Amino acid sequence: MEQKIHQGRNVKRFREMLGIKQEALAFDLGDEWNQKKISLLEQKEEIDENLLKTISQALKIPVEAFQNFDEEQAINIISNTFDNCQQPASVFYNSTVNQTDQFVKLHEEKIALYERMLKEKDEMMDRLEKLINK
C-alpha cells in the first residue's frame, strides 16, 4: 500500500524547522494571505504546484522537499541503518575517517544553515520595521 505524501504537513514541518511563524509566511506570500489561511493550507494533503513554487521561494526550500519528504520513510531508513551497535568493532574502525569527513561536512552545512537563518531573520526584522513605520 503506497502512502501519499502530505504536502501541507511538509510545509508546516519545514516552516517550523526554520522558526518561521504562520503570520510571517502569510506576509511573504502576499496581501491575500493570513495566519488562518496558512493553517488551512498546512492541513491540505495536496497543494497546487504553482502555490508550492511560491511557498518554496518564500521559505527558500526546493519544491521537491514538499512533494517528496515522507517522515515514515525517513524513520524507517534511520531505524534500519542503526542496529544497536551489534556490528564488529573493526567496521567502526575502518569507517572512522569517512565518518569524520561526514561529520565535518555536516558541521559546515549546519553553520551555513545558521548563517542563512540569521540573514533571513535580519531581513524579516527589516520588513517588520518597515511595516511598523508605515
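At what angle do α1 and α4 pack, and how far apart are their axes?

Reply: The model is predicted, and the values below are computed from it. Helices α1 and α4 pack at an angle of about 10°, and 11 Å separates their axes. An angle under 35 degrees counts as roughly parallel, and α1 and α4 are therefore roughly parallel to each other. On the α1 side the contact is made by Q7, V11 and R15, and on the α4 side by L52, I55 and L59. By residue class, the contact of α1 with α4 comprises 4 nonpolar residues, 1 polar residue and 1 charged residue.

The spacing of the contact residues can be read against helix geometry. An α-helix has 3.6 residues a turn, so residues three or four places apart point the same way.

R15, one of the α1 residues in this contact, also forms a salt bridge with E42, with 2.6 Å between the closest N and O atoms. This pair links distant parts of the chain: R15 belongs to helix α1 (residues 7-17), whereas E42 lies in the loop between α3 (35-41) and α4 (49-59), 27 residues apart. R15 and E42 are both buried. The pair is also part of a network of salt bridges in which R15, E16 and E42 are linked.

Q7 and L52, which take part in the contact of α1 with α4, also touch a residue of another helix. Q67, found in helix α5 (residues 63-68), is in contact with I5, Q7, E49 and L52, leaving aside its neighbours within four places in sequence. Q67 is partly exposed, its relative accessible area being 24%. Between Q67 and N10 the C-alpha to C-alpha distance is 8.0 Å, although the two are 57 residues apart in sequence.

The salt bridges number 5 in total. One of them joins R116 and E120, whose closest N and O atoms are 3.0 Å apart. R116 and E120 are 4 residues apart in helix α8 (residues 96-132), and about one helical turn therefore separates them. R116 is partly exposed, with a relative accessible area of 31%, whereas E120 counts as buried at 9% relative accessibility. A further salt bridge pairs K121 with D122, the closest N and O atoms being 3.5 Å apart. K121 is partly exposed at a relative accessible area of 43%, and D122 is partly exposed at 40%.

Helix α2 (residues 22-29) has Q22, A24, L25, A26 and L29 among its buried residues. After α2 comes G30, which has a positive phi near 130°.

For the chain as a whole, the secondary structure comes to 8 helices and 0 strands, in the order α-α-α-α-α-α-α-α along the sequence. The protein chain has 134 residues, of which 25% count as buried. Among contacts with a separation of 6 or more, 68% are accounted for by residues 24 or more positions apart. The protein chain exposes about 10,400 Å², and carbon and sulfur atoms supply 54% of that area.

To return to the part requested, the contact of α1 with α4 includes R15, and R15 in turn is paired with E42 in the loop between α3 and α4.

Note on methods:
Residues numbered from 1 in each chain as written. Predicted model: local features only at pLDDT ≥ 70, side-chain atom pairs only at ≥ 80, totals over all residues. Heavy atoms only, no water. Salt bridge = Lys/Arg side-chain N within 4 Å of Asp/Glu carboxyl O. Helix = DSSP H or I, 4+ residues; strand = E, 2+ residues; numbered from the N terminus. Buried < 20%, exposed > 50% of the residue type's maximum accessible area, 1.4 Å probe, protein only. Contact = heavy atoms within 4.5 Å. Areas by Shrake-Rupley, 256 points an atom, 1.4 Å probe, with all protein chains shown as cover. Axes fitted to C-alpha atoms, helices over the stretch in contact; angles between N-to-C directions. Parallel < 35°, antiparallel > 145°, perpendicular 65-115°, else oblique. Nonpolar A, V, L, I, M, F, W, Y, C, P; charged D, E, K, R; others polar.
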